[in-house]
Every structure is written in structure tokens, then in C-alpha cells.
Amino acid sequence: MSAPAVEITGLVKSYGSTRAVDDLDLRMERGSLLALLGPNGAGKTTTVEVCEGFLRPDSGTVRVLGLDPVRESAELRPRVGIMPQGGGAYPGVRADEMLRLVASCAATPLDPAWLLDVLGLAAVRRTPFKRLSGGQQQRLSLACALVGRPELVFLDEPTAGMDPQARHLVWDLLSALRRDGVSVLLTTHLMEEAEALADTVVIVDHGKVVVSGAPQSLTVDESGTAGLRFKARTRLDTALLAAALPEGYAVRESAPGTYVVVGAVDPQVVSTVTAWCAQQGVLPEELQVGKRTLEEVFLELTGRELRA
Ligand SMILES: Nc1ncnc2c1ncn2[C@@H]1O[C@H](COP(=O)(O)OP(=O)(O)OP(=O)(O)O)[C@@H](O)[C@H]1O
């Protein structure tokens with residue numbers, strides 16, 4: 001059986017006294033798309049740079065396509081595509097020259113003209129890199145990561161700074177790659193990107209995995225149902241509210257002033273919650289029945305906003 005696309009065990013990486021990655025485990029199956037989601041400074045880039053072989057772990061093991069990314073980098077390089085954060089190129093090089101140059105290093109490259117077209121760059125193919133907009137530079141950098149037909153790609157914030165139209169072009173291309181069996185590991189702090197694309201989302205914070213799983217499984221609550229949430233003043237008596245509900249329901253204050261009713265929601269449950277709030281003289285704001293967003297998952301687990 002072939003090794004996983006990426007397997008990380010107990011990864012620790014510090015910069016001086018800053019522990020950027022703190023005992024992180026991760027497994028990514030071949031042909032899947034994994035999103036490392038977390039706020040700024042969570043350790044996403046550091047994790048990816050260790051996988052790319054640019055940084056050595058302080059401790060722990062990392063295997064990419066079954067290989068050690070530092071010791072076996074020569075074997076890995078032709079099989080892996082990399083889009084670093086911020087990209088970069090010679091300022092004077094034209095978009096198509098740059099992509100053709102990268103393609104010339106690969107055994108069986110994709111057609112550069114096709115890739116420029118798919119990424120909405122055909123009209124600027126003769127434009128020097130430094131004159132491309134930030135979003136166009138990002139797309140060219142993505143094209144460079146993909147043109148060699150890699151088995152696995154690492155994309156560090158691939159859509160940062162793109163307008164919604166460009167972002168959707170990139171999402172479509174990444175979905176197509178995944179359908180073709182390419183393994184994709186991307187970092188993002190856009191939860192809608194993770195929800196739209198990923199088979200597996202790994203939410204990281206302070207260098208640790210907070211939670212991981214399929215987006216559909218993370219966004220239902222622990223009872224496996226859609227759940228009910230509302231906001232109100234802090235420190236409501238959650239035990240009292242739970243007692244007003246049928247047996248088996250639980251109520252938590254998941255973050256200060258955010259309440260979650262865990263259990264199957266039906267009209268009677270909504271009515272009981274609002275009636276109980278009325279008795280307490282409390283207005284339940286933003287009352288919501290349905291799946292959580294990944295933003296809410298992060299908030300409930302860390303007490304902080306993902307975008308903060
Ligand atoms: N070269 C470096 N030297 C010192 N500290 C660093 C260096 N690179 C990263 N750090 C620190 O390590 C921590 C993790 O950074 P990292 O870039 O891996 O996070 P990130 O999740 O990718 O963040 P972002 O979303 O902002 O890119 C942060 O506290 C950061 O300041």
C-alpha cells in the first residue's frame with residue numbers, strides 16, 4: 001500500500017523562544033485536499049515549510065509521499081509542487097516566459113498556455129511580473145506550482161489578496177486537480193475556503209491541532225445534529241435552561257455570551273428556549289438553528305475569533 005501523502009508525528013519547531021509548532025500530528029491521504037486553517041501566527045507556514053524540506057524539525061517526524069523531505073529532497077522535488085506565501089519572481093520576467101521556464105524543468109508538463117487561460121491570465125501573458133496585480137502574481141505563482149504535473153502540491157494561502165472572481169477560478173482549478181487524484185495541502189485563514197474545498201480540515205492554533213475532520217462532521221455539534229445557538233448576556237444559568245428542556249439536552253456557554261443547545265432541534269425546543277429567555281428577561285440574539293460554521297467551531301473550542 002502506498003504511504004500517505006503527508007504524515008507528521010509530534011512535530012516541534014521553535015524560533016528562539018517562540019514555539020511555532022508544538023507537538024503537531026497530521027495525516028493526509030493521497031488524492032485528498034487538506035486545509036490547515038488557523039489565525040495568523042498559528043504555525044501553518046512553519047508546518048508547510050517543514051514538509052517542503054525548507055526547515056528541519058526540532059523533533060518529531062515528517063514524511064511526504066513516504067520520504068524524508070530534507071534527506072530525500074532530490075527524489076521528492078520533481079513530484080511536489082510548491083506555492084510559497086507571497087510568491088515571487090524576477091521582476092522583469094514576463095508571465096508566460098516564467099511559466100515556460102518552470103515547465104521546461106518538468107518531464108511531462110501541462111501546457112502553459114492552457115494553464116494561463118484557466119487561471120484568467122491569458123490577457124497578461126506578455127506582462128512583466130512586476131506589473132501584474134498582487135492577485136495576478138499569486139495566480140502565476142500557483143500556475144508555476146502546478147505546471148510540472150506534481151503528485152502533491154503545497155499551497156500557502158493560495159488565494160490571499162485575490163478578488164472573489166479570481167478566488168473562484170482558483171477554487172475550480174483546485175477542485176479539478178483533486179478529481180484528477182492530485183493531493184493538495186493548503187493553508188488558509190478563510191473558513192469558507194476550507195469549507196468549500198477540503199476533504200479534511202485541520203484547525204490549528206498556537207502550533208497545536210485544535211480539531212480535525214471532514215468539514216461536514218465538524219459543523220454538526222457533538223450530538224450529531226444541527227443544534228441551536230444564540231447570544232445573550234454572559235453567565236446565564238445554563239443548568240436551569242437545560243432543566244426546562246426534555247431529558248438528554250445539554251446547554252453550554254461555549255464562549256462568553258454565546259450559548260449552544262446540544263440535541264435534536266424541533267419547533268418545541270425553540271419555543272422552550274425563547275420562553276425560558278423571556279422568563280429571565282433576556283433577549284436571545286442571533287438565534288440560529290442549523291449547522292455551525294467553522295468560524296463557530298473555532299470560537300467554541302478556543303473562545304476566540306478565527307479572524308481576530
Ligand atoms: N523566521 C522566523 N523567526 C522568528 N519567528 C518566526 C519566524 N517565522 C515565524 N515565526 C513565528 O512563529 C509563529 C508561527 O508563524 P507561522 O508563520 O508559521 O504562522 P502562520 O499560521 O503561517 O501565520 P500567517 O497566517 O500569519 O502566515 C508566529 O509566532 C511567528 O511570529
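This report describes some strands, helices and a ligand shell in a predicted model.

## Basis of the model

The model is predicted: local features need pLDDT of at least 70, side-chain atom pairs count only at pLDDT 80 or more, and totals for chains, interfaces and linings use all residues. Residue numbers start from 1 along each chain as its sequence is written.

Helices (H or I, at least four residues) and strands (E, at least two) are DSSP runs, numbered from the N terminus.

Strand β8 covers residues 200–205, and six of its six residues are buried, so β8 is largely enclosed by the rest of the structure. A residue is buried if 20 or more other C-beta atoms lie within 10 Å of its own, exposed if 12 or fewer, and partly exposed in between, with C-beta atoms placed from the backbone. On one side of β8 the buried residues are T200, V202 and V204; on the other they are V201, I203 and D205.

Strands of a sheet pair through backbone hydrogen bonds, either parallel or antiparallel. Two strands pair if DSSP finds at least two bridges between them. Strand β3 (residues 33–37) pairs with β8 in the parallel sense over four bridges, and L37 has I203 in β8 as its bridge partner. Strand β9 (residues 208–213) pairs with β8 in the antiparallel sense over five bridges; here V204 has V209 in β9 as its bridge partner. β8 and β9 form a hairpin with two residues between them, and H206 in the turn has a positive phi of about 50 degrees.

## A three-stranded sheet

An open sheet of three strands has the order β2-β1-β4, with antiparallel pairing. The edge strands, β2 (18–28) and β4 (59–64), each pair on one side only. Neighbouring strands of this sheet are turned by 25 degrees against each other on average, direction ignored. Strand β1 (residues 6–15) is joined to β2 by eight bridges, and E7 stands opposite R27 in β2.

Helix α1 (residues 44–51) lies across β1, β2 and β4, running at about 120 degrees to β1. Axes are lines fitted to C-alpha atoms, for helices over the stretch in contact, and angles run from 0 to 180 degrees between N-to-C directions. Two residues are in contact if their C-beta atoms, placed from the backbone, lie within 7 Å.

## Around the ligand

The ligand is surrounded by 13 residues, the closest being Y15, A20, K44, T45 and T46. A residue is near the molecule if its C-beta atom, placed from the backbone, lies within 6 Å of it. β2 and α1 are the elements that give two or more residues to this shell, and α1 gives the most, with three.

L99 lies in helix α3 (residues 95–103) and is buried, with 27 other C-beta atoms within 10 Å. Leaving aside neighbours within four places in sequence, L99 is in contact with P112, L115, L116, L140, A143, C144 and V147. L99 and S141 are 42 residues apart in sequence and 8.7 Å apart in space, C-alpha to C-alpha.

In helix α5 (residues 134–146), 10 of the 13 residues are buried, so α5 is largely enclosed by the rest of the structure. The buried residues include R139, L140 and S141. The buried residues of α5 pack against β5 (80–83), α3, α4 (112–118), β6 (152–156) and α6 (164–179).

Key
The expected span of a helix is 1.5 Å times one less than its number of residues.
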